[in-house]
Amino acid sequence: MNDWIEIGALNDIPRRGARCVMTPQGKIAVFRTMEDQVFAIDDHCPHKGGPLSQGIVHGASVTCPLHNWVISFETGKALGADEGSVKTIAIKRDGERIFALLERTAVAAE
Ligand code: FES
């Protein structure tokens, strides 16, 4: 089941930068745009797995640092002639606090 899980604060992420967060579903990259919008996508480029969190943010997309594919934060899809996509993770904000819609790990203790 998915739940809104707090993953940090807006000021933890530089404008036009990113921060990685480990989740039960793997590493996600959380980006902050120049306009303080926050997006989260898988940190692995659909081309050859480049670290998107180290890419250059422009508008609502990021350019992969390895071979310059451009990935949309909104759709997770590669833009232009390239084909591929990454998983997007829903984000909501409550003031400074950032929440991601993630699977809550079941606690199996009895
Ligand atoms: S690994 Fe991202 S463009 Fe090649």
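**Entry 1, the chain ends.** I began with strand S1, residues 2–9, and found that seven bridges join it to strand S10, residues 97–103, with the two running antiparallel. Within this pairing I noted that Ile5 stands opposite Ala100 in S10. I keep in mind throughout that I am reading a predicted model.

**Entry 2, the other neighbour of S10.** I then looked up strand S9, residues 91–94, which pairs with S10 in the antiparallel sense over four bridges. Here the bridge partner of Ile91 is again a residue I had already written down, Ala100 in S10, the one that Ile5 of the previous entry stands opposite. I also followed the connection between these strands: S9 and S10 form a hairpin with two residues between them, and Gly95 in that turn has a positive phi of about 65°.

**Entry 4, a four-stranded sheet.** Next I traced an open sheet of four strands, whose order is S2-S3-S4-S8 and whose pairing is antiparallel. I recorded S2, residues 17–23, and S8, residues 88–89, as the edge strands, since each of them pairs on one side only. For the contact between S2 and strand S3, residues 26–32, I noted seven bridges and an antiparallel run, and within it Gly17 has Arg32 of S3 as its bridge partner. As background I reminded myself that strands of a sheet pair through backbone hydrogen bonds, either parallel or antiparallel.

Stepping back, I noted zero helices and 10 strands in the protein chain, which gives the pattern β-β-β-β-β-β-β-β-β-β when read along the sequence. How does the radius of gyration of the chain relate to that of a compact globule? For 110 residues a compact globule would have a value near 13 Å, and the chain has 14 Å, which agrees. The C-alpha trace spans about 50 × 30 × 20 Å along its principal axes, and buried residues make up 28% of the 110 residues. Finally, I looked at contacts with a separation of 6 or more, and wrote down that residues 24 or more positions apart account for 41% of them.

Methods. Residues are numbered from 1 along each chain as its sequence is written. This is a predicted model: local features need pLDDT of at least 70, side-chain atom pairs count only at pLDDT 80 or more; totals for chains, interfaces and linings use all residues. Two strands pair if DSSP finds at least two bridges between them. The radius of gyration is taken over C-alpha atoms; the globule rule is 2.2 Å times the number of residues to the power 0.38. A residue is buried if 20 or more other C-beta atoms lie within 10 Å of its own, exposed if 12 or fewer, and partly exposed in between; C-beta atoms are placed from the backbone. Two residues are in contact if their C-beta atoms, placed from the backbone, lie within 7 Å.
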